[in-house]
Amino acid sequence: MREYSYRIDREGRILHDGTEIIDPPTLRFFLLAMTRTPDGRYLATCQGERNWFEPEDTPFVVQRVRPELKDGRLRQVILVFAGEHQEVLDPETLESEDGMLYCQVRQGVFRARFGRLALQQIAPFLVESERGPALELSDGRHPIRPAGADDPPR
């Protein structure tokens, strides 16, 4: 079985031997096929080939967000990843660590970090609440819990 190694930088760019992978279908495939091995490594298998990924932080980096508004209020946030892969943000999974914003993706299987541009795009919708920072959506405020907190605040 052939094996390949990739590095994922802090901005979510996937690199092979120092060259950035830019083909959107390939990038989407990697993000959708990725699994976590029992020893904690990241792997995507395709046609008998093993593709190993070594992220600087997390393999999922939100590169941009698409805020969806209704009546001038934020209804939901679409997360945009490498290769234009998109997911709807689950605001209950938001957490902060060392000044960075994270959430869960792929149905809670992986942790994703908001990149610099994505953080700038979502910043206008972040507010301070009685429980600390929160994301203001049309259905209410969703607190951003500190990383490692047991249960998300409701």
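Biologist: Which residue in β9 is the bridge partner of Arg64?

Modeller: Val80 is the bridge partner of Arg64 in β9. Keep in mind that this model is predicted.

Biologist: How do strands of a sheet pair?

Modeller: Through backbone hydrogen bonds, in either a parallel or an antiparallel way. Here, β8 and β9 (residues 73-80) pair in the antiparallel sense, over seven bridges.

Biologist: What is the strand order of the open sheet?

Modeller: The order is β8-β9-β10, three strands with antiparallel pairing. The edge strands are β8 (64-70) and β10 (86-88), and each pairs on one side only. Neighbouring strands are turned by 30 degrees against each other on average, with direction ignored.

Biologist: Back to Val80. Is Val80 buried or exposed?

Modeller: Buried means under 20% relative accessible area. Val80 has 1% relative accessibility, so it counts as buried.

Biologist: Which residues is Val80 in contact with, leaving aside neighbours within four places in sequence?

Modeller: Val61, Val62, Gln63, Arg64, Arg66, His85 and Gln86. Take Arg66: it lies 14 residues from Val80 along the chain, yet their C-alpha atoms are separated by 7.5 Å.

Biologist: Now another strand. Where is Ser129 found?

Modeller: In strand β14 (residues 126-129). Ser129 has a relative accessible area of 12%, so it is buried too.

Biologist: What does the side chain of Ser129 reach?

Modeller: The backbone oxygen of Gly132, at 2.7 Å. Not counting residues up to four places away in sequence, Ser129 touches Ala134 and Arg141.

Notes:
Residues numbered from 1 in each chain as written. Predicted model: local features only at pLDDT ≥ 70, side-chain atom pairs only at ≥ 80, totals over all residues. Heavy atoms only, no water. Pairing = 2+ DSSP bridges. Helix = DSSP H or I, 4+ residues; strand = E, 2+ residues; numbered from the N terminus. Axes fitted to C-alpha atoms, helices over the stretch in contact; angles between N-to-C directions. Buried < 20%, exposed > 50% of the residue type's maximum accessible area, 1.4 Å probe, protein only. Contact = heavy atoms within 4.5 Å. Polar contact = N/O pair within 3.5 Å; in protein donor to acceptor, adjacent residues only side chain to side chain.
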